[in-house]
Amino acid sequence: MGIHKFEIDGSKIALDVNSSLLLALDDLSYRLLDYVDDKSVDDAIKDLNHIYGERDIIEAYEELAALKDNGTLFAPDPYEGEDLPYGEPVVKSLCLNVAHDCNLRCKYCFASTGNFKGQRKLMSSEVGKKAIDFLIAHSASRRHLEVDMFGGEPMMNFDVIKEIVEYGRDKADKEGKSINFTLTTNAILLDDKNMEYINENFYNVVLSLDGRPEVNDRMRILKDGSGSYGCIVDKILKMVQMRKEKEYYVRGTYTRYNLDFAQDVLHMVDLGIDRVSVEPVVAPEDADYALQEQDLPVIRDQYRFLAHEYIKRYREGKPFIFFHFNVDLDEGPCLQKRIKGCGAGNEYLAVTPDGDIYPCHQFVGINKYKMGNVIRKELDRDMQLKFMKTNIYTKSRCRICWARYFCSGGCHASAHQFSGSLDVPHRLSCEILKIRLECALMIKAVLSNENLYAKEADTNEL
């Protein structure tokens, strides 16, 4: 699959899958893409001269042919028939589950409301420090490392978080490395004092909110069953204000209960939150809130509506960032990274309060995927190699999918949950990703051509 072309409300877009060349096309050039790869200009003239002038056809064909000749259009697959350059496994990121407990009881929680189907417990500072030692010991020549404080709700163990941060900074400095710390929190326990510490010491902060009060409070509930919106919205807004130019996202989840999720994105944006990520729920298929294939037309309409609103606000000088529309075609992850994905089980590992190691936070508690323990300094290298070598070329669906370099084969945990295999991605998640990716590419093409994106060199117009 060399070219993916599509239309959204009159915008005609083409993506070269292998080179990432993005084209905003007029009607003639859009039609001619079907000729340039394996048909002659004479074929195009014969078929299209009842609609377009012969000179226009020749000029447009030659422009596209020039792109093909320079290798950016109908580009070959760089690794087709080649051995992938895997290298040696290196750990660069840890997700520290500092709390297997939570002060919310979210109905869609993959972690069983925080305890990961086990005993509710908090990580000790000793385990946290051993995890830092493990990360540095397995990071080889990587100098820039990452640690995410996760849960459950990590703020339930804030004193230990501070100990781990201070220890990690000191340890990394002695080894000639650095650690960027991030925090994912539901915001319930935020106050002025700990927000100041977080703002000064964390590279990125992810705050959880599902959108409108009635949407958030249907799924994100307190222990007594009441909604959490009123407890957290002001704290989130204050944290957002404090972050200013620093990294943050407010992250939500949409379910079958709020298929009009674009309104939840805009609700948060209108509150003053300019960096939003709203994800489709991944839930057991029999859950009443689980998304279904018959929902895809509505989901497509919502992403397209949101894309138009995104463009409209850019034009008005009131831009916001929607995580899944933020596509970098030129300076994003290298090709090897796009082939291999997020690095779960290889570069990225999760550590439980007991020090047990799993491929990522969504695998925690699945015994067959337990990879070792940081206290005992154990790591299953065979499993690490298995994850490292699971990629778009080991997945038959991905090899022929136009979106493969953007999703990198999808989420390993979702694949395991729905198929029992790392090599069979979750089909519904794939379809949703392709819908929102087309919207992201359309935005990129339209705004680049209007000189509203700083990097318009990614997009050509014919």
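Modeller: Gln-263 lies in helix 9, and the model it belongs to is a predicted one. Gln-263 is partly exposed, because its relative accessible area is 35%, which falls between the 20% limit for buried and the 50% limit for exposed. Not counting residues up to four places away in sequence, Gln-263 touches Arg-212, Gln-302 and Phe-305. Its C-alpha atom is separated by 7.9 Å from that of Gly-211, a residue 52 places apart from Gln-263 along the chain.

The buried residues are Ala-262, Asp-264, Val-265, Leu-266, His-267, Met-268 and Val-269. As a general point, an α-helix has 3.6 residues a turn, so residues three or four places apart point the same way.

What covers the buried residues of helix 9 includes both helices and strands. Among the helices are helix 7 (213–219), helix 8 (229–243) and helix 10 (296–315). The strands include strand 10 (247–254), strand 11 (275–280) and strand 12 (321–322). Just after helix 9 comes Gly-272, with a positive phi of about 110 degrees.

Ala-187 has a phi of about 80 degrees and is found in the loop between strand 8 (178–185) and helix 6 (192–201). Ala-187 counts as buried because its relative accessibility is 0%. Lys-117 has a positive phi near 60 degrees, and its place is the loop between strand 5 (99–100) and strand 6 (121–122). With a relative accessible area of 74%, Lys-117 is exposed.

Asn-115 lies in the loop between strand 5 and strand 6. At 15% relative accessibility, Asn-115 is buried. A polar atom of the Asn-115 side chain lies 3.0 Å from the backbone nitrogen of Lys-117. Leaving aside neighbours within four places in sequence, Asn-115 is in contact with His-100 and Arg-120.

A further backbone feature is the peptide bond from Gly-151 to Gly-152, which is cis, with omega near 15 degrees. Gly-152 is found in the loop between strand 7 (144–150) and helix 5 (158–174).

That leaves the cysteines. A search of the whole structure finds zero disulfides. For Cys-102, the closest cysteine sulfur is in Cys-106, at 6.0 Å, which is too far for a bond because a disulfide needs the two sulfur atoms within 2.5 Å. Cys-102 is buried, with a relative accessible area of 9%. Cys-439 is in no disulfide either, and its nearest cysteine sulfur, that of Cys-401, is 16 Å away. Cys-439 also counts as buried, at 0% relative accessibility.

Technical notes:
Residues are numbered from 1 along each chain as its sequence is written. This is a predicted model: local features need pLDDT of at least 70, side-chain atom pairs count only at pLDDT 80 or more; totals for chains, interfaces and linings use all residues. Side-chain values use heavy atoms; hydrogens and water are left out. Helices (H or I, at least four residues) and strands (E, at least two) are DSSP runs, numbered from the N terminus. Buried means under 20% relative accessible area, exposed over 50%, partly exposed in between (1.4 Å probe, protein chains only). Contact means heavy atoms within 4.5 Å. A polar contact is a pair of N or O atoms within 3.5 Å; within protein, one must be able to donate a hydrogen and the other to accept it, and residues adjacent in sequence count only if both atoms are side-chain atoms.
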